[in-house]
Amino acid sequence: MYEAAEVTFRAMLMSDVPVIVMIEQEAFTTPWSAEAFTNELSHNHFARYMVMEDATGIIGYGGMWTIIDEAHVTNIAVRQDRRGRGLGERLLRRMKEQAAEYGMHRMTLEVRVSNERAQRLYERLGFEPAGIRPGYYSDNNEDALIMWVELSKSGREFSDNEYI
Ligand SMILES: CC(C)(COP(=O)(O)OP(=O)(O)OC[C@H]1O[C@@H](n2cnc3c(N)ncnc32)[C@H](O)[C@@H]1OP(=O)(O)O)[C@@H](O)C(=O)NCCC(=O)NCCS
């Protein structure tokens with residue numbers, strides 16, 4: 001089990017892209033290219049990407065677009081050999097906190113209807129199903145489940161000190 005001190009978060013840098021693409025390729029059937037990440041980091045002013053690191057380097061990453069008061073998650077992945085240890089949950093919690101820090105009120109994402117592990121993670125963190133985008137994933141015409149969470153209610157996870 002990972003202790004809090006063993007994992008850190010920081011903004012994704014251009015120099016991270018080669019490692020991110022490796023994780024992306026083992027995580028997704030239609031992975032984003034290096035160019036897609038480079039473009040997000042350099043040209044998309046709505047985009048916020050973070051990496052999660054331990055002593056070995058980057059072990060996960062996630063991104064979102066912050067649009068008015070809505071955070072749209074673009075991707076989230078944990079290195080294959082580090083999954084099932086609560087790291088995905090820690091990463092998504094941090095992404096929710098960051099979205100709230102940017103003034104976002106809600107967070108949304110799409111997930112393959114077959115991706116039950118990811119859906120369980122999202123439900124644990126308060127996301128609720130809100131509809132289906134039929135045939136959203138072009139590789140196999142799979143439907144996407146749309147999920148939302150209110151950040152004002154459950155997104156910001158204050159430490160005890162912040163209530164004082
Ligand atoms: C979805 C994803 C980010 C989740 O990351 P993760 O680090 O495996 O997530 P967690 O460890 O927090 O949770 C996964 C499971 O491990 C369990 N778990 C957490 N800590 C654990 C521990 N210490 N010991 C045993 N199991 C544990 C969780 O309960 C959860 O179980 P469940 O699948 O039965 O609900 C990861 O699987 C991934 O990168 N998948 C490929 C990309 C992807 O599908 N992204 C989402 C697209 S929408």
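Visitor: What is the accessible surface of the protein, and how much of it belongs to carbon and sulfur atoms?

Guide: The accessible surface is about 9,100 Å², and carbon and sulfur atoms have 51% of that. The figure comes from the Shrake-Rupley method with a 1.4 Å probe, and for residues only the protein chains shown count as cover. One thing to keep in mind: this is a predicted model, where local features need pLDDT of at least 70 and side-chain atom pairs count only at pLDDT 80 or more, while totals for chains, interfaces and linings use all residues. Residues are numbered from 1 along each chain as its sequence is written, and side-chain values use heavy atoms, with hydrogens and water left out.

Visitor: What makes a stretch of the protein a helix or a strand?

Guide: Both are DSSP runs, numbered from the N terminus: helices are H or I with at least four residues, strands are E with at least two. By that rule the protein has five helices and seven strands, in the order β-α-α-β-β-β-α-β-α-β-β-α from the N terminus on.

Visitor: Where is Asp69, and why is its link to Arg106 called a polar contact?

Guide: Asp69 sits in the loop between β3 (57–67) and β4 (70–78). A polar contact needs a pair of N or O atoms within 3.5 Å; within protein, one must be able to donate a hydrogen and the other to accept it, and residues adjacent in sequence count only if both atoms are side-chain atoms.

Visitor: Which other residues does Asp69 touch, leaving aside its neighbours within four places in sequence?

Guide: Besides Arg106, Asp69 is in contact (heavy atoms within 4.5 Å) with Gly103, Met104 and His105.

Visitor: Which polar atoms of the protein lie by oxygen atoms of the ligand?

Guide: A backbone N or O atom of Gly86 is 2.6 Å from a ligand oxygen, and a polar side-chain atom of Asn115 is 2.7 Å from one. For an N or O atom in the side chain of Arg83, the value is 3.4 Å. The protein covers 74% of the 940 Å² of accessible area that the ligand has on its own.

Visitor: Which element gives the most to the shell around the ligand?

Guide: That's α4, with six residues. The elements giving two or more are β4, α3 (87–101), β5 (106–112) and α4 (116–124).
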